[in-house]
Amino acid sequence: MQFAFGWQRATLSVTRTEFRSCAAHLTNLWNARCTQELSMSTATSNVPINEALARVHERVAVAVAKRCQKSDTRPRVVAVSKTKPMEAILEAYAAGQRVFGENYIQELVTKATDARAPSDIEWHFIGTLQSNKAKLVASVPNLKVVETITSKKQARLLDKALEDAGKPEPLRVFVQVNTSGETAKGGVHPDDCVALVRYVAEECPHLQFSGVMAIGQYGRVTVDGEQNPDFALLVRCHETVCNELKLEHSNVEISMGMSGDFEHAIELGATNVRVGSTIFGARE
């Protein structure tokens, strides 16, 4: 078959079978992308929060059944409520949701200290942890997990802030890993993950290392049984951390997957997924 590329002309030795295979793969990519967009359609619709939340849990159950390694453990759904009003959080709470995630520390403080916030809400901080905000983070009531530790400095300052605040129990933290290699994304390099985890575990008595976390490349599409490479790399980091530091695999969480890809993340082993717009609708 002959193909023209701009001003050049090249003859490629492509059999009909190879051409059809390539065309089929491109078709699958397109279909997968359309499916991904469709799966996020709830974010732009007017579905009530309780119904949207129920649908998410139904999809979680289906994904669990497709896991690469079978497990009865149901992944935790963190309802990401950034920029959403307290009324939306209370609506999700009334539907049974208890774990909520916030990206901005001041917004988290405002919501966590709101007089209407139920006492059994659990907050996850999933945004960039600025060094000068460590004391503010340590003051948040019902803060259960900080998912975004990316450096020894962050860990040291948060550990000191928790000590100064007189917190009776260590705060659970995840180490964020930059698995996509994007410069705009936070996270430690995969090769440095073990060293940071070791530092947290050995040098920060007020922190409890509890998992690894990653934000996959937005819009990445996988087809034909392919694995999202960002997720697959985090799973390997999890394996390496557990093996090198002699940690029980079941005690170290894997936090990955958001509204557009949480099902695939669960299939690959996620124990914690962060779902926002699919529950609360698109952010304004």
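This is a predicted model: local features need pLDDT of at least 70, side-chain atom pairs count only at pLDDT 80 or more; totals for chains, interfaces and linings use all residues.

Biologist: Which residues of α6 and α7 meet?

Modeller: On the α6 side you will find K152, A155, R156 and D159, and these meet A195, L196, Y199, V200 and E203 of α7. Sorted by class, the residues of this contact of α6 with α7 are five nonpolar and four charged, with no polar ones.

Biologist: Now α7 and α8. At what angle do their axes cross?

Modeller: Helix α8 spans residues 229–244, and its axis crosses that of α7 at roughly 50°, the two coming within 10 Å. α7 and α8 are therefore oblique to each other. The crossing of α7 past α8 is right-handed. From α7, the contact draws on C193, V194 and V197, while α8 supplies T240, V241 and E244. In the contact of α7 with α8, four residues are nonpolar, one is polar and one is charged.

Biologist: Let me try another pair, α2 and α3. How far apart are their axes?

Modeller: The axes of helix α2 (residues 49–65) and helix α3 (residues 86–94) are 9 Å apart, and the helices pack at an angle of about 55°. With that angle, α2 is oblique to α3. Here, too, you can check the handedness: α2 passes α3 in a right-handed crossing.

Biologist: And which residues of α2 and α3 meet?

Modeller: Look for I49, N50 and L53 in α2, which meet A88, E91 and A92 in α3. The contact of α2 with α3 has four nonpolar residues, one polar and one charged.

Biologist: Let's turn to pockets. What does rolling a probe over the atoms show?

Modeller: A probe the size of a water molecule, rolled over the atoms, shows where empty space is left. In this model, the largest pocket has a volume of about 710 Å³.

Biologist: How many residues line the largest pocket, and which lie nearest its centre?

Modeller: There are 33 lining residues, and K82, N103, I215, M258 and R274 are those nearest the centre of the largest pocket. By class, its lining comprises 17 polar, ten nonpolar and six charged residues.

Conventions. Residues are numbered from 1 along each chain as its sequence is written. Side-chain values use heavy atoms; hydrogens and water are left out. Contact means heavy atoms within 4.5 Å. Helices (H or I, at least four residues) and strands (E, at least two) are DSSP runs, numbered from the N terminus. Ala, Val, Leu, Ile, Met, Phe, Trp, Tyr, Cys and Pro count as nonpolar, Asp, Glu, Lys and Arg as charged, and the others, Gly among them, as polar. Axes are lines fitted to C-alpha atoms, for helices over the stretch in contact, and angles run from 0 to 180 degrees between N-to-C directions. Angles under 35 degrees count as roughly parallel, over 145 as roughly antiparallel, 65 to 115 as roughly perpendicular and the rest as oblique. A crossing is left-handed if the near helix is turned anticlockwise from the far one by less than a right angle, and right-handed if clockwise. On a 1 Å grid over the protein atoms alone, a cavity is a set of points where a 1.4 Å probe fits but cannot get out, and a pocket is an open set with protein on both sides within 12 Å along at least five of seven lines; lining residues have an atom within 4 Å of a point. Grid points are joined across faces, edges and corners, and a volume is the space filled by probe spheres set on the points.
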